[in-house]
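Biologist: I'm new to reading protein folds. Could you walk me through this one?

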Amino acid sequence: MASSFRSDRLVYRSLEDTPEDKACLLSIFSDRTSSENATNYLVKPMSSADLDAFLSGFRECFLGVLVCLPTTTPPKPIGYVNLQHTTHPHHRSCTMSIRISSEEQGKGYGSEAIKWVLEWGFQVAGLHRVSIGCFSFNEGARRLYERLGFVVEGRTREVAWKNGGWHDCIEMGMLEGEWRERYLVGEQPQG
């Protein structure tokens, strides 16, 4: 159950204002491969002021957790995932962001974390809609999101400049009913 802040191979915990958590985030943001695929910001070294601004926004979001491997004590952070309200909270709609460190990509951790966040959002927090976006050059992310059940809802044309060319942002979303149909087929509601 998503309220336990665990999934099969991962644990999810709050971001603490510690040197270790800051170092983890700096490592993720400094990873050129991961950063170029996941952000529309100009890829450059992150300053302490940049990190503080990110931390402030992360603490203010609807849900913000570090994605951790429980194989060490304390559990080792390998990324983060968050949900941010897209409009007034009573509309029950959030946008998801996720980053997994490049050395841990390709192991299914991103899929597992996204499934956990969707369960938390729809079952625990009562959301109606979750959206996520990716750039047109990031085919791996687009395929992953579609495989998990997100539907392409739109495209913002030529919104990102990368490697001397313009690229689109692909907007995707999942509704609560679509999530229930895909992930809760055959399950009886608990009460």
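Biologist: In what order do the seven strands form the open sheet?

Modeller: Keep in mind that this is a predicted model. The pairing in the sheet is mixed. At the edges sit strand S1 (11-13) and strand S6 (151-162), each pairing on one side only. From one strand to the next, the twist averages 30°. Reading across the open sheet, the order is S1-S2-S3-S4-S5-S7-S6.

Biologist: Okay, let's zoom in on one pair. Which residue in S5 is the bridge partner of Thr 95?

Modeller: Strand S4 covers residues 93-100 and strand S5 covers residues 129-135. The two run parallel, and three bridges join them. Look in S5 for the partner of Thr 95, and you land on Ser 131.

Biologist: Now the helices. What angle does the direction of helix H6 make with that of S7?

Modeller: Let's start with helix H1 (residues 19-30), which packs on the sheet and touches S1, strand S2 (63-69), strand S3 (76-85) and S4. The direction of H1 makes about 80° with that of S3. Helix H6 (residues 176-183) packs on the sheet too, touching S6 and strand S7 (165-175). For H6 and S7, the angle is about 75°.

Biologist: Last one: what percentage of the 191 residues is buried?

Modeller: Here, buried means under 20% relative accessible area. By that cut-off, the buried share of the 191 residues is 43%.

Conventions. Residues numbered from 1 in each chain as written. Predicted model: local features only at pLDDT ≥ 70, side-chain atom pairs only at ≥ 80, totals over all residues. Heavy atoms only, no water. Pairing = 2+ DSSP bridges. Helix = DSSP H or I, 4+ residues; strand = E, 2+ residues; numbered from the N terminus. Axes fitted to C-alpha atoms, helices over the stretch in contact; angles between N-to-C directions. Contact = heavy atoms within 4.5 Å. Buried < 20%, exposed > 50% of the residue type's maximum accessible area, 1.4 Å probe, protein only.
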